[in-house]
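I set out here what I looked up in this structure, entry by entry.

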Amino acid sequence: MLDLIREFSPGLAILLTNPQFAFIQLLNSISQGMNLFIIAAGLSLIFGVLKVINFAHGVFYMFGAYVVHTVFMDWGAPFWVGAIASALALGVIAAIIERTLFRQIYEAEHLMQLLLTFAIVLIMGDLAKVIWGTEQYSVSYPASLKGATDLGITSYPSYRLMLCVIGPLILIALYWFAERTRWGRMTKAATQDREMLAALGINVPLIYTSVFILGSALAGFGGALAAPFSSPVPGMDATLIVECFVIVIVGGLGSLWGTFVGALLYGLVFNFGSVIYPNGQDVFAYLLLLVVLLIRPWGLYGKPEAGGH
Amino acid sequence: MKRILAGAVALAAMGAGSAALAQDIKIGVLYPTSGGGAIYGGPAMVGHNLAVDEINAAGGINGRMLVTVARDSKLNPAAAASAAKEMVTKDGVDVLMGGLSSAVGLAISEVAKQEGVVYLATIPKTIQMTTSKLHPHVFRTSSNTDFEGDAMAQLIKKIGGKKVCDIQLDYAYGHDLSDGLKAALKRHAPDVEIVLNLRPKLRATDYNVFITQIMGAGCDVVTSGLWGSHFVDFAQQASPFGLFNNIKAYISGGEVASHEIAGKMGEDYPPNVISNTYELWYHAVSPNHKVFQEKIAEKSGTKETAMWPVLSYTGVRFYAEAVMKSGGTKSEGIIKALEGMTIDTPVGPRTINAADHQANTGQFWGPMVNKDGFSYKVMDPVTFIPAVIK
C-alpha cells in the first residue's frame, strides 16, 4: 500500500510515515497563514465598512516592509520599534489618502473605486522606487528570534513560531475592538445604516477614516513582520494582493472570522498541497477558491447579499 | 545678396550633411527598467550607455553614430515581444539587444526571427535559445544553462558531494539549468545522485515547504539557480532551520556571488555558499578590466558595482565590431561577421561559435567567505571557469 502511495506521491508517503515532518508542515501552514491573516484582516475590515475593494492594500504591505528596513536596519532601532513604525506610517498615509481621495468615491460605482485604488498602486509603487531605489534589501531577524526553538519532537524557527502566536492575538484584539468597544458598535452600525447613524449625531466620516487607518496599519504591520523572510523589493506586493483576495473571498468579504479561517486554509492547502503534488503548488489555493465560490459564493463566513445594492 | 546666397548654400550643405547623419545606427535595447526587474535593468543600461558613449566619442563606426532606442521589457515576455516588434517596425532599429530572464529572451528571439533582425541576447541563459530554438538571427553573448550546469558539476566533484538536492525555479531557466547539471554530472561525477527535485514558482515568497523537504532528504549538496530576491528569501527562511550548516555546500548558478546580493545581505548571508558572477568589483583580471570597473563605478556613483554592466557592454562591442567588419548594418552581413568573431572584452577575449551562435562566456566561481576589511561576504578564492564543455 505504502509503495503504491510512494509511486503516486513521494511527499504523501513521507507525510504519512514521518510525523515530525507532518508536524513541521503544519507549523509552516499556520505561520504562513497567520502572516497573511494579519494583512488580509485589514483588507476585509476596510471592505466590510467602507465597501471599497482596496487594491492598494498590497502596496501598503510593501511600504511596511520598506519602513521596517529603514528603521531597524538603517537607523538601528529595535525590530519591534520598526514594526510599530511601519503600522504608524501606513496609518498616516491611509489618513491622508482617505481624507483627500477615498472620500470622493464612496458613492461612485465600483469601477471608479477600482480605478482609483489601482492608480494609488502605481503612484505608491513609483514613490517607493524614488525613496528606496530598485534593489532588493535584506532584513535580519530580531536577535532574540534568530534561531530555532526546541519543541520536543522537533525544533522550529523561533520567528515563525512568533507568527503562530501573534496571529491569534491580533484576531482576539480585533474581535474585542469590534464587539466590546463603543467604536466597534458604531462601526457596525455604520455598515448597516450610515444615514441613521449620522442623524443620531455621530461623526460617520470619522468612523470611516479610523477604519481605513486601522486596516492599512495592519497591512503595514504585516509587511514589517514579513520583511525578514520576504525581502523588500519592488513588485513584492503583486503576489501578496492575490493571496489576500483568495483568503478574504474564501472566508467571506468583511468577516473577521472568515478571514482567519481563510488564511489558515490557504496555508494548509499551499503547504500540504506542495508536498503531496509539487507541480500544483498554486493550483490548490485556486481550487479552494473555486470550490468555495461554487458552494458558497458569499464565502465560508460571509452573508449572502440580500437583493442588489 | 551674396551673403544670403552663401547662407543658402551653407544651409543646403548642412541639409545634405544631416541626411548623411540620418545614417545613424539605431540599437533597440530591452532591459527591465520598471518594477521588480529595475534592479537589473538599471545597471545593465549603465554598461550599455558606456559602450555607446565610448564608440561615439571615438567618432562612431565608419563615421556613423550609435543611437540607443530603449524600451522597458518589464520582466514580461509579452511586453518585451510587443516592445521589440514596435522598435523594429516603428522605430526602424537595426538590431535588437538585451533581454532579461530566459522567458523574455525567448520572446524577443521569436520577434527577431519573424522580422529578420539580428538579436544579441546579452543576459538570458536558457539553452533553448542556442539549441532547439536557434535561428540565424539570434546570438548569445552571456553564459548559458549548459555552461553553468557543467561548472556546478565540476564543483560538486571537487568538494566530494554524493547526494544532491536540486531546487530550481519553475520556468525555462530553472528547468534547463537542472537538465544541464544532470547531463554534466554524468560526465564529471556519474556516481553522484540527485535525490530530490524541487520547483518553486517564479516569484514564490514562501520556501518553508521546500526547505523542510531538503532537510529530510539527507543530501550533502544543494544545487540551485534561485536568483535575486528569490535567493534572499530562501536563505533567510532556511537559515533558522540550520540548512546551510548541515550541508557541504549550496552550489548556485543564480549569480548570488554578485555584490548586489552579498552586499545587501551582509551578516545574514549564509555559510557554505559556492556561486558564480560575471563581475566582481574587488577582483580585476587585467589593467584593462580595472579601467573598465573604474568607468562603471563613476557612472554608477559607487565603487561597489553590480555585475550586469559588463554583459550589456560586451553586447554593444560585439555588434559594433560586426558593423565595422561587414561595412554596414544589413542583417546578412552582421550574421556572417558575428559567426566566429572574437573581441577583447573587459574580462578577456570572447569568441562567438559559428555553429550555435553562443559566445564562450565563462564566469567567476568560488566560495563566499568572510574576509578582513569587508562587512559582507566576498568570493575567495576567485576561480574563472571557462565556458568549455568537455
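How close do the axes of helix α5 and helix α6 of chain B come, and at what angle do they cross? I worked from a predicted model. I found that the axes of α5(B), residues 145-159, and α6(B), residues 172-188, come within 7 Å and cross at roughly 45 degrees.

On the α5(B) side they include B:T145, B:G149, B:M152 and B:K157, and on the α6(B) side B:Y173, B:L177, B:L181 and B:R187 are among them. By class, I recorded eight nonpolar, five polar and six charged residues in this contact.

Next I checked helix α11 of chain B, residues 309-326. At 1.5 Å a residue its 18 residues should span 26 Å, and I found its end C-alpha atoms 26 Å apart, so the two agree. α11(B) is mostly covered, with 13 of its 18 residues buried. After α11(B) comes B:G327, and I noted its positive phi, near 75 degrees.

Last, I looked at the contact between the chains. Chain A brings 33 residues to the contact and chain B brings 29. On the side of chain A that touches chain B, α3 (19-50), α7 (158-180), α12 (256-276) and α13 (281-295) each supply at least two residues. α3(A) gives the most, with five residues. By class, I recorded 13 nonpolar, 17 polar and three charged residues on that side of chain A.

Terms used
Residues numbered from 1 in each chain as written. Chains lettered and ligands numbered in written order. Predicted model: local features only at pLDDT ≥ 70, side-chain atom pairs only at ≥ 80, totals over all residues. Helix = DSSP H or I, 4+ residues; strand = E, 2+ residues; numbered from the N terminus. Expected span 1.5 Å × (residues − 1). Buried ≥ 20, exposed ≤ 12 C-beta atoms within 10 Å, placed from the backbone. Contact = placed C-beta atoms within 7 Å. Nonpolar A, V, L, I, M, F, W, Y, C, P; charged D, E, K, R; others polar. Axes fitted to C-alpha atoms, helices over the stretch in contact; angles between N-to-C directions.
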